[in-house]
Amino acid sequence: MKARRDRTGLAALAPFLWLGLFFLFPFLLVAKLSLSDTALAIPPYTPRLDWSGGIAGLKTFFAALDFETYARLTSDRLYIVAYLSSLKFAAISTGILLLIGYPLAYAMARCAPAARQALLMAMILPFWTSFLIRVYALIGILKPEGLLNTALRAVGLGPLNILNTETAIYIGLVYAYLPFMVLPLYAVLERQQHDLLEAAADLGCTPFEAFWRVTFPLSLPGVAAGALLCFIPMVGEFVIPDLLGGSSTLMLGKTIWTEFFANRDWPAASAVAIVLLFTLVVPIVLYQRQQAKLMEAGR
Amino acid sequence: MKRGLTTFNIASLVIGFGFLYLPIVLLVIYSFNASRLVTVWGGFSTKWYASLFRNEQLLDAIWVTFRIGLISATIATVLGTFAAVALVRAGRFRGRTLFSGMIFAPLVMPEVILGLSLLLLFVSLGLPRGFWTVTVSHATVTMCYAAVVIQARLSAFDRQLEEAAQDLGCPPIKAFFAITLPNIAPAVAAAWMLAFTLSLDDLVIASFTSGPGSTTLPMRIYSQVRLGVSPEINAVSTLLIGLVATGVIAVYLFQMRKRREA
């Protein structure tokens, strides 16, 4: 039995090597590049690691690295604003998602089994349809001469300028991430034993009290999973702030993109990526622990 | 307690699903709009579909995107199956924490970080960017989704069947292919479909890792959207949504029928 188990570990070999090369190792390159200087060259940074130089070459290479790029980040107000507003957008949107997603998941879990299956599929379907296309669909509604304002004008209300504002980013984030919040919540709510609520009612709880003291505490793992699943990628979101937020809104994902593609400042883009990564390490580890625990429980 | 729905429950469902579906429904309707303006209904027309099929750039991008999706999803599913087997079956092997970390982290990691780091890898290896760099990048990210989907099914699968086969003298690898794999086949198929659609949708990672001649459909859509709304994009979006929706609903109905027969 033991020999059998040992060999099963070999299944990890191919994916392990693949992820090591294409996922883990590249982060070292990002970290290294964030310590390099910008240069007018292809690729646009210096120093470049020259393996033919041997140990001496490595020494000069490491001697040339410094924290200049990071110093530049902390002295430029734009980066600090982008950092703080990324956290703000992600945190507030996660809150809104919980407020919208929880009642939705709760109602889904209370439906009859057949309806539940259909609703679950309806919730998963947008997840399969292109993110970019769904954001694009929002533009058609939110823009100044868009469908929302046409509808408002029809009932005699003034035009709202939503596109290219912070409100548009919130709408976009909530819209795009709603299934990611609802699905983990639904998973815990659907499994809940209904006799618990009956027992609470028998003991004199009002329905709201029963919800607040039984259902909600039991659903907290789902709340945590949904919140992390939304918060982490939202901090680094690029498409939504770029297409809905206009040029004035700053978020880290957009900053990396602009530094890289527009300014061709690869060291700055890398340094911002490293800062973003360090910010997200704690939530990512929390998320991973929780998933591992769920996996153990499901076994 | 009654399991009926309260007014509040019904309102939550209507508002939630309305919010999710309204933009998509409007997009589909307006793809048949004869007028170029988004808000003015100029009568029913399929002319944007016709002009879509004359748009060589867009057709090229669709073709590139499909090929990348097919190849990367296949790599991702194979690697993801191995990863799932290791996660569920191998117990506590060396480096397990790092391994499961590498599987779960890409699911939530912002795409800009993944795109940038992969690009730097290809640059430092001196690989020319193009079709294959995008394919490898997509396989890297989507294999983690595949692993999670397959892992869920595999951990629910009763191991005793496979062990019985092994006790009867079947080599472990043969037992896996003869017994376990057919049993987890629906999850493997679902994982492939998920990997394929994720690859089809990806803008950010493809933008970082693609080169000349390997512009994908989302990259084309993105640049068109930045220039202003183009009705052809409505048409191509509607076709994509239709394709995915048909696939997902077909799988759903198939499962429902199987369940009723069972």
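Residues are numbered from 1 along each chain as its sequence is written, and chains are lettered from A and ligands numbered from 1 in the order in which they are written.

Student: What is the mean pLDDT of chain A?
Tutor: pLDDT is the predictor's confidence in each residue, from 0 to 100. In chain A, 89% of the residues reach 70 or more. The mean pLDDT of chain A is 85.

Student: Which helix of chain A has the lowest confidence?
Tutor: Helices here are DSSP runs of H or I with at least four residues, numbered from the N terminus, and strands are runs of E with at least two. Confidence in chain A is highest in helix α5 (residues 77-110), at 94. The lowest mean, 54, belongs to helix α1 (residues 2-8) of chain A.

Student: Over which residues of chain A does pLDDT stay under 50?
Tutor: Two residues are in contact if their C-beta atoms, placed from the backbone, lie within 7 Å. For the stretch in question the model has 3 contacts beyond four places in sequence. Where pLDDT is low, the predicted coordinates should not be read in detail. The stretch is residues 1-5 of chain A.

Student: How many helices does chain B have?
Tutor: Read along the sequence, chain B follows the pattern α-α-α-α-α-α-α-α-α-α-α. Its secondary structure has 0 strands, and the helices come to 11.

Student: What percentage of the residues of chain B count as buried?
Tutor: A residue is buried if 20 or more other C-beta atoms lie within 10 Å of its own, exposed if 12 or fewer, and partly exposed in between, with C-beta atoms placed from the backbone. Chain B has 262 residues. The buried part is 45%.

Student: Is Arg36(B) buried or exposed?
Tutor: Arg36(B) lies in the loop between α1 and α2 (47-52) of chain B. Its C-alpha atom is separated by 6.5 Å from that of Pro231(B), 195 residues apart along the chain. Because Arg36(B) has 11 C-beta neighbours inside 10 Å, it counts as exposed.

Student: At what angle do α4(B) and α6(B) pack?
Tutor: Axes are lines fitted to C-alpha atoms, for helices over the stretch in contact, and angles run from 0 to 180 degrees between N-to-C directions. Helix α4 (residues 96-108) and helix α6 (residues 131-156) of chain B have their axes 8 Å apart. Roughly perpendicular stands for 65 to 115 degrees, and α4(B) and α6(B) are therefore roughly perpendicular to each other. The angle is about 110°.

Student: Which residues of α4(B) meet α6(B)?
Tutor: On the side of α6(B), the contact includes Val141(B), Cys144(B) and Tyr145(B). By class, this contact of α4(B) with α6(B) has 8 nonpolar, no polar and no charged residues. Here Ala, Val, Leu, Ile, Met, Phe, Trp, Tyr, Cys and Pro count as nonpolar, Asp, Glu, Lys and Arg as charged, and the others, Gly among them, as polar. The residues of α4(B) are Ile103(B), Pro106(B) and Leu107(B).

Student: In chain A, how many polar residues has the contact of α5(A) with α12(A)?
Tutor: α5(A) and helix α12 (residues 220-235) pack at an angle of about 145°, with their axes 9 Å apart. Residues of α5(A) in the contact include Ser86(A), Ser93(A) and Thr94(A), and those of α12(A) include Gly226(A) and Phe231(A). The contact has 11 nonpolar and no charged residues, and the polar ones number 5.

Student: Which helix supplies the largest share of the side of chain B that touches chain A?
Tutor: The contact takes 68 residues from chain B and 81 residues from chain A. Helices that each supply at least two residues of the chain B side include α1 (7-30), α3 (56-89) and α11 (231-261). The largest share, 12 residues, comes from α1(B).

Student: What is the phi of Asn164(A)?
Tutor: Asn164(A) is in the loop between α8 (147-154) and α9 of chain A. With 18 other C-beta atoms within 10 Å, Asn164(A) is partly exposed. Although Asn164(A) is not a glycine, its phi is positive, at about 70°.

Technical notes. This is a predicted model: local features need pLDDT of at least 70, side-chain atom pairs count only at pLDDT 80 or more; totals for chains, interfaces and linings use all residues. Angles under 35 degrees count as roughly parallel, over 145 as roughly antiparallel, 65 to 115 as roughly perpendicular and the rest as oblique.
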